[in-house]
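Let's take a walk through a protein model together. Keep the picture open while you read, and find each part as it comes up.

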Amino acid sequence: MAEAVALREAGRREEARALLVRLAAGHPGDAEIAYQTAWAHDVLGLEADAVPYYEQALAAGPDALGAEDRGGAFLGLGSTYRILGRYEEAAATLRRGTEEFPEDGALRAFLAMALFHTGEHHDSVRMLLRLLARSSEDPSVRRYREAIEYYAEDLHRVE
């Protein structure tokens with residue numbers, strides 16, 4: 001694994017991917033190897049090939065990866081599903097991720113994108129407005145934070 005990471009860090013992504021594929025084949029139950037292999041495919045634009053590795057990494061259970069990598073696996077798989085046009089699966093995966101990691105703004109942003117594609121525009125915009133209100137450092141957004149959060153709950157409200 002260390003060699004694969006070193007190859008990736010040196011910009012030798014295809015070599016890292018090939019090594020990780022061999023490692024994954026030899027260690028099919030290793031969630032960390034599966035996650036790194038998924039990631040290696042994803043960065044090379046091989047999204048469809050990344051899916052089974054992401055799925056394997058997440059199927060290993062919540063204790064099989066560290067929190068950062070598990071959150072990354074949810075985001076990676078959900079985003080990959082979305083790129084592949086598998087919008088319902090993207091939304092379901094990202095929802096699971098946000099339930100497990102409720103403070104992860106990136107997961108919520110990607111979930112909002114998936115919800116847009118499933119036609120859940122209201123929920124998508126509401127989620128983005130909440131995220132904006134809670135995380136923005138922009139002074140004008142911070143000044144209107146309470147109002148943004150209030151209207152995010154019901155975008156049809158005009159009072």
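Before we start, one idea to carry along: a residue is called buried when its relative accessible area is under 20%, exposed when that value is over 50%, and partly exposed in between. Take E149 as a try-out: its relative accessibility is 22%, so E149 counts as partly exposed. Also keep in mind that what you're looking at is a predicted model.

Now for the overall view. The protein chain has 10 helices and zero strands. If you follow the chain along its sequence, the pattern simply reads α-α-α-α-α-α-α-α-α-α. The C-alpha atoms fill a box of roughly 60 × 30 × 30 Å, taken along the principal axes. Of the 159 residues in the protein chain, 39% are buried. How much of the contact reaches across the sequence? Among contacts between residues at least 6 apart in sequence, 41% join residues at least 24 apart.

Let's zoom in on two helices, α2 (residues 13-26) and α3 (residues 31-43). They pack at an angle of about 145°, and their axes are 9 Å apart. The crossing of α2 past α3 is left-handed. Which residues make the contact? On the α2 side you'll find R13, R17, L20, V21, L23 and A24, and on the α3 side I33, Q36, T37, A40, H41 and V43. Sorted by class, this contact has seven nonpolar, three polar and two charged residues.

The side chain of R17 meets that of E14 in a salt bridge, at 2.7 Å from N to O. How are the two placed along the helix? R17 and E14 are three residues apart in helix α2, so about one helical turn separates them. Is each partner buried or partly exposed? R17 has a relative accessible area of 18%, so it is buried, whereas E14, with 41%, is partly exposed.

Stay with helix α3 for a moment, but turn to its aromatic side chains. Y35 and Y54 form a tilted aromatic pair, with 6.4 Å from centre to centre and 50° between the planes. Why call it tilted? Planes under 30 degrees apart would count as stacked and those over 60 as edge-to-face, so 50° belongs to the rest. Y35 lies in helix α3 and Y54 in helix α4 (residues 47-59), so the pair ties together parts that are 19 residues apart in sequence. Both Y35 and Y54 are buried.

The model has three aromatic pairs in total. Another one is made by Y150 and Y151, and this pair is edge-to-face: 5.1 Å centre to centre, with 80° between the planes. Y150 sits in helix α10 (residues 145-152). With a relative accessible area of 36%, Y150 is partly exposed, and Y151 is partly exposed too, at 32%. Look also at where Y150 lies relative to L129: the two are 21 residues apart in sequence, and their C-alpha atoms are 9.8 Å apart in space.

Back to E149 from our try-out. Its side chain meets that of R134 in a salt bridge, at 3.5 Å from N to O. Where do the partners sit? E149 is in helix α10 and R134 is in helix α8, 15 residues apart, so this pair links distant parts of the chain.

Is R126 buried or exposed? Its relative accessibility is 18%, so R126 counts as buried. Setting aside neighbours within four places in sequence, R126 is in contact with A152, E153 and L155.

E89 and R86 form one, their closest N and O atoms being 2.8 Å apart. Here E89 counts as partly exposed at 33% relative accessibility, and R86 counts as partly exposed at 29%.

Conventions:
Residues are numbered from 1 along each chain as its sequence is written. This is a predicted model: local features need pLDDT of at least 70, side-chain atom pairs count only at pLDDT 80 or more; totals for chains, interfaces and linings use all residues. Side-chain values use heavy atoms; hydrogens and water are left out. Axes are lines fitted to C-alpha atoms, for helices over the stretch in contact, and angles run from 0 to 180 degrees between N-to-C directions. Helices (H or I, at least four residues) and strands (E, at least two) are DSSP runs, numbered from the N terminus. A crossing is left-handed if the near helix is turned anticlockwise from the far one by less than a right angle, and right-handed if clockwise. Contact means heavy atoms within 4.5 Å. Ala, Val, Leu, Ile, Met, Phe, Trp, Tyr, Cys and Pro count as nonpolar, Asp, Glu, Lys and Arg as charged, and the others, Gly among them, as polar. Buried means under 20% relative accessible area, exposed over 50%, partly exposed in between (1.4 Å probe, protein chains only). Rings of Phe, Tyr and Trp (its six-membered ring) pair if their centres lie within 6.5 Å; planes under 30 degrees apart count as stacked, over 60 as edge-to-face and the rest as tilted. A salt bridge is a side-chain nitrogen of Lys or Arg within 4 Å of a carboxyl oxygen of Asp or Glu.
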